[in-house]
Amino acid sequence: SAPSVRALEAMDKAFGSGDTRSDAFVVLVDTAGLSASDTTTYRGLVRGIAAQPQRVPELQDWIDHPQLRRVLISKDHRATYLPLGLSSDIGSAASIADVKWLRSLAATVPRGPTTRVYVTGDPATITDLNDTVDRTSKRITVISLLALIAILILIYRRPVSILVPLATIGIAVACTRVVLALSGHAGFPVS
């Protein structure tokens, strides 16, 4: 693993709970400047996140630690953030679920009209990447299937003749997915 990841692991073991596997940030931005309403939003975020210690073993906020206020609020007083330590490994199914949970929490916390809440950091970036790849893969699969059917219609010209290669390709894809899933489940590195 990268030196920065090893450093985070060492700091967590020395100063934290030892349960942090990845770091994320919840960022609260108010283009009109942070106000009392934003403090209420921030408190709601802190309460919601702190209620899930199995997901978020580390939380640094200026509600419970007022001495952090100066470093967790931007100099222009338009943004503040919550550094979080997640218990899930980056890119894992649990990490993706944690990022989606954080985004859901951020969407439900009451806030002012000029306030936006974002979830960022490596786990959020990887979750976004996975979502994009998943959406794109589905679209490409449909387009490829339509192109394949069009090519088969041009070559065979009889609907019954098209079914044999389509069935063969379908069985091959299904078998490949099963083998890959079983390999991943057995602990083999699959990408």
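Contact here means heavy atoms within 4.5 Å, and helices (H or I, at least four residues) and strands (E, at least two) are DSSP runs numbered from the N terminus. This is a predicted model, in which local features need pLDDT of at least 70, side-chain atom pairs count only at pLDDT 80 or more, and totals for chains, interfaces and linings use all residues.

Helix 2 (residues 36–50) has 15 residues and should span 21 Å at 1.5 Å a residue, which agrees with its end C-alpha atoms being 21 Å apart; the expected span is 1.5 Å times one less than the number of residues. Among the residues of helix 2 that are buried are Asp38, Tyr42, Leu45 and Ile49, where buried means under 20% relative accessible area, exposed over 50% and partly exposed in between (1.4 Å probe, protein chains only). The cover over these buried residues includes strand 1 (22–30), strand 3 (79–86) and helix 4 (93–108).

The axes of helix 2 and helix 4 come within 10 Å and cross at roughly 145°, the axes being lines fitted to C-alpha atoms over the stretch in contact, with angles from 0 to 180 degrees between N-to-C directions. Leu45, Gly48 and Ile49 of helix 2 meet Trp101, Leu102, Leu105 and Ala106 of helix 4 in this contact.

| Residue | Phi | Loop |
|---|---|---|
| His77 | about 60° | between helix 3 and strand 3 |
| Arg157 | about 60° | between helix 5 (122–156) and helix 6 (159–185) |

Arg157 is exposed, with a relative accessible area of 69%.

Definitions and conventions
Residues numbered from 1 in each chain as written. Heavy atoms only, no water.
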